[in-house]
Amino acid sequence: MKSTLGTFLLALGGAASALGIASVALGLRTDEARWRRAGQRYVHLVLAAAVGAVAVMEWALLTHDFSIRYVAENVARATPTLYTVTALWGALEGSILLWALMLGVYLSLTVWRFRARADDPLVGWATITGLAVALFFFGLMFFAANPFSEIGGRVPLDGAGPNPLLQNHPLMAFHPPMLYAGYVGFTVPFMFAIAALATGRFGEGWLADVRRTTLVAWGFLTVGIGLGAWWSYEVLGWGGYWAWDPVENASFLPWLTGTAFLHSVMVQERRGMLRVWNLSLVLATFSLTILGTFLTRSGVIDSVHAFTESSIGPSLLAFLGVVTLTGIGLIAWRGDALRTRGTIDAPVSRESAFLVNNLLFAGFALVVLMGTVFPLLAEALQDRRISVGEPYFESMSVPIGIALLFLMAVAPMLPWRAASSDVLRDRLLVPAWIGVGTMVVALVLGAEGVAQVCTFGLGAFAAAGIARQVFVATRSRRQTASEGWPVAFARAMRGNPRLYGGLLVHLGVVVVAVALAASAGYLEKREVRLARNESTEVSGYRVTFLEIVREETDQKTTTKARIAVERDGSDLGVYAPSISTFPNATTGIGTPSVRTGLLEDLYLTLVSSPTEEGRITLGVAVNPMVLWLWIGVAVMALGALGAMVPARRTGHALVVDDDPAPPDDVREPVGVR
Amino acid sequence: MSATTDRARRALPWLALLGVLVVVLVVVVTRSAPDDSDAARANRLARELRCPVCQGLSVADSFEPTSEAIKSDIAERIDDGQSDGEIRQAYVDRYGESILLRPEGGGLGVLAWGLPVAVLVLGAAGVVFALRRWSRDPERTATPSTARRWVTVGGLVGFAVVAAFVAAEVAGERRPGQAATGNDASATPSAEEREAALRAAVDATPQSYNARIALARFLLNNDLAGALREYDAAAEIDPTQPEPAAYGGWVLGLVARQAEDADREQLVSGALARLDRAADVDPDYPDTFVFRGLILYTVLDDPAAAVPEFQRFLATAPDEHPQRALVVDTLARAVDELPTTTAPISPTTTTTQEP
Amino acid sequence: MTHVTRWIALGAALVLVAFGVVLALNVSSGPAEEGRLAGEPAPEFRVEAFDGEEIVLSELTGSGRVVFVNFWNSWCIPCRQEHPALVEFYERHRDDPDFAMVGIVRDDTESEARAYVEREGVEWLVAFDPGKHAALDFGTTGQPESFMIAPDGVVVAEQFGPVTVDDLELMLRVARGQV
């Protein structure tokens, strides 16, 4: 029953998408507004179908309806409720369902937001594009990867249960939805980019329309990647958080191009330049989300995160081809009209900094892409099996990252158009000295590693620049409006949330960069063998193996090693890294036990179950500053949130935007034509 | 005049900043020099090898028993004196190329390493080009001050790029950043890698004269016994070539120079025998005579016999022969040492003999 | 300008199509696991039998025997699955003068391995591999992995994962040069 209902809802979603496309297209052709409006109503029907399908799936999961193959394969009766709910995105078919749900939400919100402009061809074309994407995903589920397909033969009494890695940590409940919310969100800028190309209105209007949604998608993707790293750190037990795994890279790629877009879009808004580039970035970002989906779901790549091999690979590849070739074709078709007469007044200006920024982000994306697909190229072209891992990515990304950090410190301080040397001195000299001073302090404290020391210095440089800018804005607000410091601060920030939100994101990046440099550069890692009540010392921590505790539930059997930790004679408590065995897996899954601290984490892993003599092998790692990674990601998310707040310019107060838009900017009126 | 001093005054804090930065970078670069201890080498190798039973983790990162076994195996091999290249190759032999986490620089690897770098460089050129074109606005012609700023930006960007690559190079083992400075590990493979490649060529085609001679030339710099073995093998494969005989003789001569008196005679006679054979095979092969001369002069202390050899070398060797300067010098010294009665040759004779 | 944009677009399209073809090739083939040792000389090993004696591969092959090497663990479920096949195969050939069979513990504790051998009545040679040298030299990535080595020391067949009696018989015939 649920199977039939679910499949019907998938068909409904697909049909609604198709009818919506037809209706809007008819409206655009005949110029009849009512068709366009009707078409937009279908979008809400698509959302309803997706919500219904997800609800049916959750219902089936929670009621253990093992007649549905997906349920039988991905939950067991013993699976805790949390992981039963999250099983929706634990495997391939369900994850596409979640994708469709997110897409429905984004489409509906977009149509609702532009309800007043339903007659606008730009919105019409955007709706068509969005519905076409929805049609593809519903079609994919209906024909190739139906989550509601029934199990052949007898209905099993119990299901297999989720992959052990997916039922071992509550972060699993948040990481995939966040990531998908990010991935899918980039559909909206894509829709508008295609619409801009189709209608020939590729001025700055469509950019204003999608700016906020792009930020939403970017924020979700940032949080999703951060949570993914945190999940790796807490679950996988190797002591790291980022392994340049193909699936991690697949999420990082659209983040890189999306970040490039968020920056270069400002150049187009202010100066009307880089139209082709911005359109290309949007197309690339969306294509990369599809490429990531393809890589992780077609079985072409080995990864911890990859889904099992499936038959949807060719469909996704075909879709990817249609998307990219359509985009490129449209750009080529509109090539002449996309021309802009760009002028850049001086090489030292905000505009040129953005150009370099985009070059570096695009180059970074290319590095990650090459590293990810290189094994595929080698196999296809030369029949060689090759791996590309951390050594490659690290040696390529460290220089680019450092250059980006330098740019991040300098660029926000540069004025648009041209920078006089007085302005540069006022804005940059003190922060730059703070940066160099930080490097000196780091050296005095014994820091090693060129990349590390550079990161600390550039991070301090950037942070000092941000602090200066905030301070100056607050001070001038205080002087003109005679307000107290806190009020002046709040109002100054409120006056230009986009600027200060962006700067807050930058501050988060500084935190992340410093944490990355410290944790990657100064990690201490050892493996020790301990008998009961035996102690050893690793980097100042004294760890003592107390005893083994076994816990058995229906879900799993857990062997915990109780480890007492001391430092400088003070007792830090007992930690219990464990190995769990699940009925549906042959090998045990280790769960690390982490003592999180502001400056460093102590990371304990039980490497092997106790031998008959009762000895255990314990992995002990001391990871500096890992906590700050998560804090930094949170700050970035907060900044993105802040940048979405609409600006409010109160009364007479002077808003300190250091570079107001130049008066000769020609902006396309939004929503007219 | 006052404008210049004013500019200098303005530039001062920046120059000071730059100075401190350079000092800091120099200190940190020297402090972070790559560690060549055995433990550091083992760790570096472990980071480059994929854990064969994991997904996507290096041997260093994973705690799997197999990884632990590989770590201790690497440590043993380092103790045995194997080079990094040999250890890597041993794992490639067992597990295939996919055990390496860093793609090789050669062949298709150019794509992985070179493409992003090439695109970044081309992109940088494109940005500069675009900036120039866009700034060539008819209304605003470049003033000297903008031109100076161009130079400043170029300098800053160049400095940032160099600093970043220096950082990358020192931060880890052989960085691909070195490609940008013309020191690519793939372009100029390390000695071990070259040796391994040459040995592999010899193993593959043991009867190839070229493979033998290439390996022998390589070994000449670090492994005399090995070089001699390869030269002799090459001489056997192709007895019409003077090079293996001449160089084999030279190797023996080098050994003889440091050998005990008792052994020396035998070594020297072996050396001279090979050199004689080389001279028979090709009387115009100049290296034969410089070697014979040097052995006669420095090992047997017989300048009278050495002088004609050097002269013969100067007569046969082309102008650009790398040993020419050495021979001219040595000849002059040898002539000085000659008993006066047997000194018919003046330095001018040698110069006239030069073609 | 126009034609520049179009040319760039055309170039990008071509690159993407090529890229798509590469991906499509991978989709159709999928990652393949292939043996590396088949046809190569078997790596020499010295392992320690449960009774303490040293087993050396070249001594076994040197006496003109086909050697079947099986890497296993007591905790590995596929190893237990293939166990009956190994027993049957061994029963058929235990008295062949030109045949030897060695089970090498890949990754297990001594007592568990001994208990397994005791419990299952394993009668062929079983050995520990201190330092995992044999397991690494054979390039094993898991267990069970099986190798059939001809008397000339060349690996004629290898298999990842459980074997059947038919597999083993075929491998043996190949090693004896009967195929």
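How much area do chain B and chain A bury between them? The answer is about 6000 Å², with 72% of it on carbon and sulfur atoms. Buried area here is the accessible area (1.4 Å probe) that two parts lose on being put together, summed over both. The size of an interface is often given in this way, as the accessible area lost when the parts come together.

Before the tour continues, some conventions are needed. This is a predicted model, in which local features need pLDDT of at least 70 and side-chain atom pairs count only at pLDDT 80 or more, while totals for chains, interfaces and linings use all residues. Residues are numbered from 1 along each chain as its sequence is written, chains are lettered from A and ligands numbered from 1 in the order in which they are written, and side-chain values use heavy atoms, with hydrogens and water left out.

**Stop 1: chain B as a whole**

Select chain B. It has 15 helices and zero strands; helices (H or I, at least four residues) and strands (E, at least two) are DSSP runs, numbered from the N terminus. Of the 355 residues in chain B, 43% are buried, where buried means under 20% relative accessible area, exposed over 50%, and partly exposed in between (1.4 Å probe, protein chains only). Chain B exposes about 18100 Å², and carbon and sulfur atoms supply 58% of that area; accessible areas come from the Shrake-Rupley method with a 1.4 Å probe, and for residues only the protein chains shown count as cover. Among contacts in chain B with a separation of 6 or more, 48% are between residues 24 or more positions apart. A contact means heavy atoms within 4.5 Å.

**Stop 2: the side of chain B that touches chain A**

Display chains A and B together. The contact takes 73 residues from chain A and 60 residues from chain B. Select B:Phe63, B:Leu108 and B:Trp134 next: in chain B, these lose the most area to chain A, together 13% of what that side buries.

Eight residue pairs are in polar contact between chain B and chain A (both at pLDDT 80 or more). A polar contact is a pair of N or O atoms within 3.5 Å; within protein, one must be able to donate a hydrogen and the other to accept it, and residues adjacent in sequence count only if both atoms are side-chain atoms.

H5(B) gives the most, with 15 residues. By class, the side of chain B that touches chain A has 40 nonpolar, seven polar and 13 charged residues. In this scheme Ala, Val, Leu, Ile, Met, Phe, Trp, Tyr, Cys and Pro count as nonpolar, Asp, Glu, Lys and Arg as charged, and the others, Gly among them, as polar.

**Stop 3: the salt bridge between chains A and B**

Zoom to A:Glu394 and B:Arg47, whose side chains meet in a salt bridge (3.1 Å, N to O). A salt bridge is a side-chain nitrogen of Lys or Arg within 4 Å of a carboxyl oxygen of Asp or Glu. One salt bridge is found across the interface of chain B and chain A. Is A:Glu394 buried or exposed? A:Glu394 is buried, with a relative accessible area of 18%, whereas B:Arg47 counts as partly exposed at 23%.

**Stop 4: chain B against chain C**

Now display chain C. Here 13 residues of chain B are in contact with 13 residues of chain C. The area buried between chain B and chain C is about 1000 Å², and carbon and sulfur atoms give 51% of it. In chain B, B:Ala69, B:Arg94 and B:Tyr95 lose the most area to chain C, together 50% of what that side buries.

Select B:Arg94 and C:Asp137, whose side chains meet in a salt bridge (2.1 Å, N to O). Helix H3 (65–79) and helix H4 (84–95) of chain B each supply at least two residues of the side that touches chain C, and H3(B) gives the most, with seven residues.

**Stop 5: within helix H3 of chain B**

Finally, select B:Glu68 and B:Lys71, which form a salt bridge with the closest N and O atoms 3.0 Å apart. The two are three residues apart in helix H3 of chain B, and so are separated by about one helical turn. B:Glu68 counts as buried at 17% relative accessibility, and B:Lys71 as partly exposed at 23%. To finish, show B:Asp73, B:Arg77, B:Arg94 and C:Asp137, which salt bridges that share partners join into one network.
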